[in-house]
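Here is a predicted two-chain model to be read through a set of questions and answers. Please keep the sequence and the structure in view while reading.

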Amino acid sequence: MTAMTAIQTEHLQLDLGHFQLDGVTVSIPEGRITAIVGPNGSGKSTLLKIVSRLAAADGGEIRVGDRLVQTFKPAEFARTLTMLPQSKEMFPDLTVQEIVAYGRSPHKRFWENRMSAEDREAIEWAMEATGTEKHRDRLFHTLSGGEQQKVRIAMALAQKTGILLLDEPTTFLDLSHQLDVMEMLQRLNREWGLTIVMVLHDLQQAAAYCHYLIAMKHGLAVAEGEPRKVITPRFLRYVYDIDAKVRFEEDYPIIIPVQKAKEDSTMVIVTNTSQIKKGHAHKLIERFDKVGKVEFMEGFLGLEVLLTENTKDYEEVSVVTRWRRKEDFQAWTRSSAFKESHRHRDIPDYILSNKITFQEVKIVREPRTAGTEPAETAQSAEQSGQAVQSVQSAQTVETEETAETAETVEKTG
Amino acid sequence: MSSLTLSKRRKRIVWALPFVLLLTVLYGLHYGSVSIPPQEIWTVFFSGGDPLYRQILIDLRLPRVAIGLLVGACLAAAGALLQGVMRNPLADPGVIGVSAGGGVAAILTMVVWPQAGFWLPAAAFAGALASSLAVYFLAWDKGASPVKIVLAGVAVNALLGAVTSGLMVVYSDRVQAVIPWLAGGLEGRSWHHLRFMAPYAVAGLLLSVPAIKPANLLLLGDDSAKLLGQRVELQRMLLILLASLLAGTAVSVAGLVSFVGLVVPHAMRLLVGDDYRYLLPLSVAGGAALVTLADTAARTWFDPIELPVGILLACLGAPFFLILLRRRKRLI
């Protein structure tokens, strides 16, 4: 980012027991619009509150410009940075102009009521910039939700700060008012160079109106950059735990979730079980090692070798391979590698018997949290009536999923 | 109600109140077991006049009317400030322990030192301030939120109420004198009481003027006020101190006069809205007029018995308050 930094946080820590910020380090570019996105409870609003000094962090530091925030006096800070909290608080019975005029408070002594020419100019500018001047004499609570939000923004603008933070400014508004507010903020940024930072839930708005995007998850900033570069399927999977395709139409990302319940397929499990004279199991395993190259075969999904030491006079070795299709397994048995290893057709005398079974099972992928017990999975799959042929196959699915999760972590981590 | 009618109404009320106040004062001076015609009142003040009228007016009615004005003004101002600071439309000076503290101090004075009627106002004043400070500091935990203050107030009120009842039971013979005071009245109040309360009352009312802007900003909510650069905790503490000073002053002389601090700011809020630039001065004027008027009624309507004005105010205030609650759908 070539732009100057308006706000820099370093390792912000906050532990509230049920929730924590875990060392948030972000820089917010000056004169740009920055969106903070992330799932509920990821710490977006808390971050804004700490930056705006409504809440205190346990550790870390915040600089606005090049000054630590705690070196500002309250009024001085309110002339530098302000925020629009989530609109839950009821405003008193006041006219629009009276409320906007409150924005001038940090510029005056605490008992002063009289407005200077500069104050009046700032109030007029704030009402014009938000298009609320036509309502100046109306009582705040007689306005629609969208108009009320603009009046709140006008009050913040009248503070004449260079930095404006907004906590979900569009959440309670209908679509047309949402776009109205976003366009207004865009105009304020373009015309007046206002640094805007907002928590948004709508990724499309974040991408369409913001220059910079910061994603949070579990109290950490996990991604930042230009929205177009940040919003990818991998990002959606990591930050929101959703599988989706992303396509950009002009500045708008179109996010198409992949429906998980319907994404199922089949696989083939081949179990080759041999009974072996006691003490000779390792020979078979060594022999199998030489077969090799199975993992490079088309359609190969996985392999387990199980050794059972019985109390009887033989041991059992099972070689379980999993394949996408039966043809893939058959292709392997015809491969040169396979033929190489089975060149000597005579069966060693330590193999007492040999049995091969095929199972064709259906894989049902379900979203689940890490650490779910395989048994539970099988049960829930059965209860939900989804087709799973046996407990054994459900366990196989679990193995499969675990392998995939590990892969994801590797990619994103 | 549209903004046009609101600003018109504000203007009308601002114009009307001085006249209402003047008429109330004249009525209070004029009316009683001996009625004094208005022109006689004029004569007494400016050119001697009838000695009997003079004695009644100067020694009895004038201090009592003046005390009524100040008591009403202080209680209504305290109530108006507390309702905003606590963001609770049901807040009144009782919430922060002013009445209970004043009551206990007054009874203790009577029990320990029965001859000290002269010091009763001072003791009640000190008790009222002390208990409201106790409420505030009990509620303190990195800042005193309104909810915690209300809860601490409930606890302190309950405790002090128990002490009051206990003292009244154990020392029933000594606390006769304090019972009218507990009911809240102005019977027998004179220059001595006025001299005691006037400095505090005037100081409190004057300090209310710079309190208007912070009180307005706190109405926006703590977060918004902080974002506007206000030191919210400090301002809330100062406003609560100011309200205790005002209410304690009233309690010291008039005893436990209820409902003025609750009903008057409420009624004014209905008429002029939440803006303290209007609400506070109009509450002051309205409270002053109401207590003076009610006291005149209380001492004359049931002649020869003088009813404590607190009882009359509660009887009138309770139904009026219920009507307000029904009419007003949006509280604060």
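The questions below go through the chains, their contact and some local features.

The model is predicted, so that local features need pLDDT of at least 70 and side-chain atom pairs count only at pLDDT 80 or more, while totals for chains, interfaces and linings use all residues. Residues are numbered from 1 along each chain as its sequence is written, and chains are lettered from A and ligands numbered from 1 in the order in which they are written.

Q: How many helices and strands are there in chain B?
A: Helices (H or I, at least four residues) and strands (E, at least two) are DSSP runs, numbered from the N terminus. Read from the N terminus on, the elements of chain B run α-α-α-α-α-α-α-α-α-α-α-α-α. The count for chain B is therefore 13 helices and zero strands.

Q: What percentage of the residues in chain B is buried?
A: A residue is buried if 20 or more other C-beta atoms lie within 10 Å of its own, exposed if 12 or fewer, and partly exposed in between, with C-beta atoms placed from the backbone. In chain A, which has 14 helices and 17 strands, buried residues make up 33% of the 413 residues. In chain B, with 332 residues, the buried part is 50%.

Q: How many residues of α11(B) are buried?
A: Helix α11 of chain B (residues 260-272) reaches 18 Å from its first C-alpha to its last, close to the 18 Å expected at 1.5 Å a residue, where the expected span is 1.5 Å times one less than the number of residues. Among the buried residues of α11(B) are B:P265, B:H266 and B:R269, and the helix is followed by B:G273, whose phi is positive, near 90°. The helix is largely enclosed by the rest of the structure, because the buried residues number ten of the 13.

Q: Which element gives the most to the side of chain A that touches chain B?
A: Two residues are in contact if their C-beta atoms, placed from the backbone, lie within 7 Å, and the contact takes 25 residues from chain A and 19 residues from chain B. At least two residues each come from α2 (74-78), β7 (81-84) and α3 (96-102) of chain A. The most, four residues, is given by α2(A).

Q: Which residue in β3(A) is the bridge partner of A:Q8?
A: Two strands pair if DSSP finds at least two bridges between them. Strand β1 (residues 5-15) of chain A pairs with strand β3 (residues 27-29) of chain A in the antiparallel sense over three bridges, and β1(A) also pairs in the antiparallel sense with strand β5 (residues 59-64) of chain A, over five bridges. The partner of A:Q8 in β3(A) is A:S27.

Q: Which residue in the hairpin of β1(A) and β2(A) takes a positive phi near 80°?
A: β1(A) and strand β2 (residues 20-24) of chain A pair in the antiparallel sense over four bridges, and A:L14 has A:L21 as its bridge partner in β2(A). The hairpin has four residues between the strands, and the positive phi near 80° belongs to A:G17.

Q: Does A:G299 count as buried or partly exposed, and why?
A: A:G299 lies in the loop between α10 (281-291) and β15 (300-309) of chain A. Leaving aside neighbours within four places in sequence, A:G299 is in contact with A:W323, A:R324, A:R325 and A:D328. Because A:G299 has 16 C-beta neighbours inside 10 Å, this residue counts as partly exposed.
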